[in-house]
Amino acid sequence: MGGCASKENTAKEPKKEDDTGKEAMVDAAVLEKLETGFKKLESTPSNSLLKKYLNKDLFDSLKTKKTSFGSSLLDVIQSGIENPDSGIGIYAPDAESYTVFADLFDPIIEDYHKGFGRTDKHPPKNWGDVSVFGNLDPAGEYIVSTRVRCGRSLEGYPFNPCLTEEQYKEMEQKVSTTLSGLEGELKGTFYPLTGMSKDVQQKLIDDHFLFKEGDRFLQAANACRFWPSGRGIYHNENKTFLVWCNEEDHLRIISMQQGGDLGEVYRRLVTAVNDIEKRIPFSHHDRLGFLTFCPTNLGTTVRASVHIKVPKLAANKAKLEEVASKYNLQVRGTRGEHTEAEGGIYDISNKRRMGLTEFEAVKEMYDGIAELIKIEREL
């Protein structure tokens with residue numbers, strides 16, 4: 001496939017930015033794949049942001065560049081070329097890609113994150129006053145469940161496509177050791193995917209905890225190599241807190257429970273992230289905030305969501321979308337992206353993750369959901 005994916009790369013520390021992308025040219029085979037891929041992108045109908053922003057001039061200016069991890073433009077765009085139904089169409093194979101291929105990433109970031117321009121700077125981390133959020137649906141009429149998650153990358157390691165099997169295993173070891181130190185309601189068990197028994201596997205699938213291999217967008221981005229090496233899942237005893245290790249991002253830290261008590265879910269997440277952060281250094285960028293594999297998750301990386309039943313609004317999808325966009329909310333099907341709403345239940349979350357603090361991102365979702373419930377009641 002692309003550059004970094006096809007060779008063992010043991011580089012831990014990226015080179016300094018000033019020489020990034022200058023010391024190595026992409027080889028002829030990669031260049032040929034890029035040219036073919038670009039023609040395919042041009043001739044295939046697609047609404048992806050990749051198609052919208054990658055014109056011929058930009059393509060020509062980026063096609064020979066490489067990061068010090070060996071990632072080329074092919075690693076960045078191949079998922080979007082193979083999946084014309086992508087919403088975005090690009091991934092960052094390593095942290096440096098955001099700098100080396102900035103001319104492509106920046107306009108896509110600005111478009112997705114509603115005006116986070118190339119000179120804008122993401123604000124410092126701020127979880128705010130965690131006692132502000134309460135229960136959005138105390139009577140339990142509308143909200144089935146509430147979930148808040150964030151993504152984190154471990155400093156000094158590239159993202160999925162560039163990781164060697166050794167690095168995957170090393171990271172899993174670090175993560176499981178770190179999580180075994182969690183106390184109180186966060187205390188739990190780490191389950192490696194390698195050698196997982198069928199019983200444990202089935203139990204985790206039934207709880208909707210287990211991520212499965214085979215997401216075609218990630219597959220095409222070369223993010224599923226050496227599966228299931230270095231992958232695992234941690235959850236606490238109450239099953240209200242879990243951590244995914246090496247699925248799409250190095251870490252996905254998730255707090256969730258039945259009902260609409262966003263306050264409790266948020267407090268648990270903040271406690272956990274602060275605790276883990278003391279033990280593992282995370283990949284952070286002065287301008288872009290916390291770095292992730294997909295540019296939609298940059299910045300705060302926070303996605304606060306509810307599964308909500310709003311049958312009257314569901315019957316008037318235009319109204320639902322109108323309220324959602326007013327509060328920068330994203331409406332998805334019950335099982336997330338690219339799925340339908342089952343039984344009139346939608347997955348609704350904050351869309352913006354950059355240019356605002358963690359607290360503000362969750363507040364947008366909190367206010368938007370409160371408004372949706374109010375409208376549903378009045379209909």
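Mentor: We'll go through cores, rings, one asparagine, the cysteines and some backbone features.

Trainee: What should I know before we start?
Mentor: This is a predicted model, where local features need pLDDT of at least 70, side-chain atom pairs count only at pLDDT 80 or more, and totals for chains, interfaces and linings use all residues. Residues are numbered from 1 along each chain as its sequence is written, and side-chain values use heavy atoms, with hydrogens and water left out.

Trainee: Which residues touch the most other members of the largest nonpolar core?
Mentor: Phe241, Ile253, Ile308, Ile348 and Ile369 do, in a core of 56 residues. A nonpolar core here is a set of buried Ala, Val, Leu, Ile, Met, Phe, Trp, Tyr and Cys residues joined through side-chain atoms within 4.5 Å. Buried means under 20% relative accessible area, exposed over 50%, and partly exposed in between, using a 1.4 Å probe and protein chains only. Apart from that core lies another, of 42 residues, including Leu34 and Phe217.

Trainee: And what does isoleucine 253 touch?
Mentor: Leaving out residues up to four places away in sequence, its contacts include Val148, Cys150, Phe241 and Leu269. Contact means heavy atoms within 4.5 Å.

Trainee: New topic: how many aromatic pairs are there?
Mentor: The search of the whole structure gives nine. Rings of Phe, Tyr and Trp (its six-membered ring) pair if their centres lie within 6.5 Å; planes under 30 degrees apart count as stacked, over 60 as edge-to-face and the rest as tilted. Tyrosine 91 and phenylalanine 293 are stacked, because their ring centres are 4.5 Å apart and their planes are at 15°.

Trainee: Where do those two sit in the chain?
Mentor: They are 202 residues apart: tyrosine 91 is in the loop between helix 4 (73-82) and helix 5 (97-100), and phenylalanine 293 is in the loop between strand 7 (289-290) and strand 8 (303-309). Helices (H or I, at least four residues) and strands (E, at least two) are DSSP runs, numbered from the N terminus. Tyrosine 91 is buried at 10% relative accessible area, and phenylalanine 293 is buried at 1%.

Trainee: Which residues form a cluster through ring pairs?
Mentor: Trp127, Phe133, Tyr266, Phe359 and Tyr366. Within it, phenylalanine 133 and tyrosine 266 are both buried.

Trainee: What's going on around asparagine 236?
Mentor: Asparagine 236 is in strand 3 (residues 232-236), and with 1% relative accessibility it counts as buried. Beyond its neighbours within four places in sequence, asparagine 236 contacts Glu185, Leu186, Lys187, Gly188 and Phe241. A polar atom of its side chain is 2.8 Å from the backbone oxygen of glutamate 185.

Note on methods. A polar contact is a pair of N or O atoms within 3.5 Å; within protein, one must be able to donate a hydrogen and the other to accept it, and residues adjacent in sequence count only if both atoms are side-chain atoms.
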